[in-house]
Every structure is written in C-alpha cells, then in structure tokens.
Amino acid sequence: MEKDELLKRVLMMQRLQGMETEPVSAEDPYASMEKDQLISMIHFLVKREDERARENQELKDMVKDLRDTHKQDVKTQSSLMKSIDRLTNQVADLTTQNKTLQQKVNDLLSQISVGNKVRFGSTSQKGTKKKAAPVQDREKDQDDFDGTNGAAMSSNQQADTAPADETESAGQARRSFEYRKGMKYQTMFADNRIVHESDKNLLPEGATYIRSEYKSSYDQVSYIVQHDYEIIIYKDKDGIMRKGYFPKVSAESENETVIDRFPGTHASCSLLANLVFNKYHMNTPVYREMVRLLNNKMKVSRNTVYNWFVKGSEHLKKVLPVLKEKLLAKGAVVNCDETWCRVKVAGKYGKKYIWCMVNKEAKVAVYFYDDGSRGRQVLRDFLGETEISALQSDGFNVYMYLDKELVDVDHLCCLAHARAKFKYAQEQGKDADAEYFITSIGRLYDLEEQYRLRHLTPQQIQQERQGEQTSKIIQRMRQRLDKLLADTIGMRGYLMHKALNYLKSFWNQLILYLKDGRYSIDNTLAERTLRPMTVERKNSLTFGSHDGAEVSVIYHTFIETCKMCGVSTLEYFKEFFKAIMQGRTDYENMLPMTIGIKNN
C-alpha cells in the first residue's frame, strides 16, 4: 500500500512539473484574484513544494534502500553460487571416492573368490564342464519290469532311437577296426608266464578229448632274498693276501662273475632300482616304504635307505653333463619353469625353488637346484654360453634378462597364462569384457589343434601361423586391448586390470610363437614335466637339507627323460645301476635313449 501511495504522489508531481513547464499565456491568470486568495494560493504552493521535496527525499531513500537490498541480494546470490559450486565439487569428489571404494570392494571380492577357488575348488582354467550323465532310476526300472519283452526293451530305447549322426559315427568306428577281425583282444598280460598243463590221462572213463583252452590268473610274488656270497681269503703264489669270490658252476650262476651289490650299499641293483622307482616315480614316502620292507621280512633303518638313494644319485650326477649337452644343443628350443619346495636349512624350514628345463625335440628334461635360489644368476649360470634358439617361460621377471642381455635368444611367454588371467576376471571378477579375449585365444588354440591333427611340418605350421586367419585374430585382439586401456572412465575390476596389463606388457613375447613352427603357443610342456615335483611336495612335505633336494632333482631328471623317450623308468634304473656295478664309465652310452632299452 505504501508503494501505491508513493506512486500516486510521483504521478502528481510529474503532472505539476508538466504544468509548470507549459508556456504561460499572455494573460495573467491571477489578475482577477483577490489578495487573500493570492496569499492562500502562495501558502498552498509553498506547502506543496515542501511536500514535494519531502516526497522526493522519501523516493531517494526508497531507491537507496532498493539499491542496498539489490546489492545484498547480489552478494547473497554470489555466496549461494559459490556454495553450490563447492557442494557440486564435494559431490563429484564423493562420487569419485565412492567409485574408487566400490572398485576396491569388487577387487577384494574377486581376490576372495579366487582364493576360495584355489583353496576349495579346481584351479583348471580350461573352461569346459562335462555334462552330467543322466541318472537312471534303477528302482523305477525294476518296478516297471513285468517280465515281458516290451518291458525288457524299454531300458534300451535310447540306444535304439539314437540320432542318425551318432549311428553313422559308430558305424565308422566299427569299420575302422575291421583289420582286427580274427584277432584276440587282450590287453592284460605278464612277461613271466608259467603254463600249468592238464593230464589228459585223468579224464573220466569214456570221455573224448576235443580241444584245449587256457584260463589265466595273475599272482604277485613280492619278497626280499638275502644273498650271502662266500668270500675266500687266500694267499697267492707270491705270498700276498687276497680275497675273492669264486662261484660254483651251475645253471643259476653261469653268468654270475661279480657280486650283485651296488657300490657303497648292501642293496642289489634290482632292489635299489625298485626303491628309487617307488620313492621318486610313484611318490611313496620313505616311511611307507619301510612298512612294505617290514612286511617283506626285511629290517633296515630309514637312514640306510636314504644313504642308498644318495649313492645312486652320485653316479647319475656324472651323466648329467651329457644330458645337459643334449638339452642345450645349438639351435634348440627349450621350455623352462620353476616350482617351490620347503627345505630345512640351519634348523628352520624355508621356501626354496626347483627349476626344470625341457627340450621336446631331443626328448630331454633336466631339473636343477642351486641352493633353492630363484634369482637370475641361476638361469644365467645354467645357460652359460649355449647357443639355443628360443626359451619359453612364464612372465616371471627373472626371464626378462633374456630380452635385455641375450639378444640372439627368442624369449617366448605362455599364452595359457594370459588366458587364465582373463578367465579369472570373467569367473571371479564378473567382467564381461574378458569373454572376447578368452574366445580369441581359444580360436588360436583351435588353429594349433588343426595343425596337429593334419600332421604339418614346422615349415608348414609357420606358413599357416603367418596367414590371414591368424593375423586377423591377433590384430583384433590388439585393437580391443588398446581400446580398453584407453578407457579410463569405465569401471574395471582388479583382475581385469591385471589381465590387460599382463597382455600389454608381454605382447611381443606372447605372439612370438608365430615366428617359427617349432615354437609352442604355451609353456604347458615344462609345467606338466615339473608337476611330479609338486606331487612329491604334497606327499613328502619337506626336504631335510639342500642335499636331499639335490638328490630328488637328479632322480626326477632321469624319470621325466625316460617318460619322454618312452622308456620304462624301472628298467632304466636297473640297467644303469648294473652298468655302474660292472665299472662302466661311457656315460654317453648310459642315457635313457642310448642304454639299449626298447620303447614301451
């Protein structure tokens, strides 16, 4: 209301000012007015002027108040805008922190999931799940059976209604074995055979003999025999005291010229070979082996058996240089891996490492142990001045010196390791982007399987690997990798981040297998060869000293080499210990592939 009254006054003043500015007529408008009227008009005009001045002042004060209010509003608005900006920044910071914390939570959950899988589940990263066989309700089948032919055939309906492609494949399988017609299928047999013949004279009276057939049964004879050799002490014609063993001539001792006892032990070559086979090939702990010996009526201490193992390894160690020479031949392609074990040193058990290097072409596997070290110097000392073409390993940083110092050696990494990291990111990290890399690497493996089934030569494999099909898969993988690494906004789990960085860091080493047809796509050859050491670690748990680990390394070297050559491990140890007992030192002819044992 005050504002409306004020506006009316302002209009009135404007109107009066307009009247004052209008031109005055020539006639005096006040000429006809009396003096009292003129005085009253003057008082009125003076009073009106005072009111106008007062109103002007009020207007000025009001304008000033409005301006002050406006300035205050501007300051308040500026302060509010600053507060809004500050709150906006705080919200952005909180959003970033929330995103970081959420990613950390996801990473921790992924790590917990991986740990649970390693602890309680399978660590296989093949990604293939076998379909469970349909469970047959035998009780229901038994209840439904009423003795008729129809009921009897009901359980075989699935076999009768098999798809056409399965029937055709079964027919092909049958046709592929037509060459076996007329041959007896028998996989069970033993080298030692005793024939128990029947006395035909004992047939019942009046019986007519038609033909004979044999039924086999198998028996295991397990016992330990103590051989006591009579040593004659005599004096020769020169008066010198001597000792000698002079076996009596018989059918059993016709070829017996020396005492069958491995040097430094009381065990025959056969017994020592069996003990080594059970301990290091079958991974039977020594305390269990002692139980078997006791059951076979033999009393011997555990330390004695350990000493026998050491004596055998000392002679095998002399063959290692020849085996290593074959392993690291000029131009060889080798695979390398390492695994941990626990060794007692200075009264405490510590974590040590055992290495394994494999040459597939030469069929040689060599373990080595340098006081349990996992350092670069171990690999450098073992390789020495060799001129191998390539070495394949995992992404352990020790192998990186191959790229920096040994420029003439191609260093390959394992593509299976890269796939396993993406598999973890998919299963435990729930990252959808991992599926693309798993599928792409799977396609590369499919191509390698095709090369194997087609029996291609290394030269042909090299041409296929450098073809358009493989190149497209590699290029698309690289493009997807660069795209994901450039995306810094999207949410990415710890496992996926780790997998992408691994693939980027070792990209050149991972695709280097395309260079040569002899190179492998992964390092599973070394990993599988090293696996028996992990089995022994779980069975025997620890080694009592560095020497104990060294003995195990020597035996596993020849066991895995025998496997690669297709030679019986037990037979090799028997032949080798026998050769040592006979005094042979031609170690190049005492390898699994040269000692003269036929392949299994």
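# A guided tour of the model

Start by selecting Lys 515 and Asp 410, whose side chains meet in a salt bridge, 2.9 Å from N to O. This pair connects distant parts of the chain, 105 residues apart: Lys 515 sits in the loop between α18 (507-510) and α19 (524-540), and Asp 410 in strand β7 (residues 410-413). A salt bridge here is a side-chain nitrogen of Lys or Arg within 4 Å of a carboxyl oxygen of Asp or Glu. Helices (H or I, at least four residues) and strands (E, at least two) are DSSP runs, numbered from the N terminus.

Before moving on, note that this is a predicted model, in which local features need pLDDT of at least 70 and side-chain atom pairs count only at pLDDT 80 or more, while totals for chains, interfaces and linings use all residues. Residues are numbered from 1 along each chain as its sequence is written, and side-chain values use heavy atoms, with hydrogens and water left out.

**How covered are the two partners?**

Buried means under 20% relative accessible area, exposed means over 50%, and partly exposed is in between (1.4 Å probe, protein chains only). Lys 515 is partly exposed because its relative accessible area is 44%. Asp 410, with 14%, is buried.

How many salt bridges does the count come to? The count is 16. In general, side chains of opposite charge can pair when their charged atoms come close.

Next, select Asp 236 and Arg 242, another salt bridge with 2.9 Å from N to O. Asp 236 has a relative accessible area of 18%, so Asp 236 is buried. Arg 242, at 41%, counts as partly exposed.

Then go to Arg 478 and Asp 482, where the closest N and O atoms of the salt bridge are 3.3 Å apart. Why are these two separated by about one helical turn? They are four residues apart in helix α16 (residues 468-486). Both ends are partly exposed: Arg 478 at 26% relative accessibility and Asp 482 at 36%.

**Patches on the surface**

Patches are made of residues with over 30% relative accessible area and no salt bridge; like charges are joined within 9 Å, and nonpolar side chains (Val, Leu, Ile, Met, Phe, Trp, Tyr) within 5 Å. Accessible areas come from the Shrake-Rupley method with a 1.4 Å probe, and for residues only the protein chains shown count as cover.

Select Glu 58, Asp 61, Asp 65 and Asp 68 to see a negative surface patch. Lys and Arg count as positive and Asp and Glu as negative, while His and the chain ends are not counted. The place of a charge is taken as NZ of Lys, CZ of Arg, CG of Asp or CD of Glu. Asp 68 belongs to helix α2 (residues 35-120) and is partly exposed, at 39% relative accessibility.

Stay with helix α2, where you can find Val 105. Together with Leu 109 and Ile 112, Val 105 makes a nonpolar surface patch of about 270 Å². Val 105 counts as partly exposed because its relative accessibility is 40%.

From here, select Asn 106 and Tyr 494. They are 388 residues apart in sequence, yet 7.6 Å apart in space, C-alpha to C-alpha. Tyr 494 lies in helix α17 (residues 494-505) and is partly exposed, at 33%.

**Into the cores**

A nonpolar core is a set of buried Ala, Val, Leu, Ile, Met, Phe, Trp, Tyr and Cys residues joined through side-chain atoms within 4.5 Å. Which residues touch the most other members of the largest one? Select Met 357, Tyr 572, Phe 573 and Phe 577, in a core of 101 residues. Another core, of 14 residues, lies apart from it, and its members include Cys 341, Ala 365, Tyr 367 and Val 553.

**Two backbone stops**

Most residues other than glycine have a negative phi. Ala 346 is not a glycine, but has a positive phi of about 55°. You will find Ala 346 in the loop between β3 (333-345) and β4 (348-359), and Ala 346 is exposed, with 77% relative accessible area.

Finish at Leu 541, also with a positive phi, of about 70°. Leu 541 lies in the loop between α19 and α20 (546-565). With a relative accessible area of 56%, Leu 541 is exposed.
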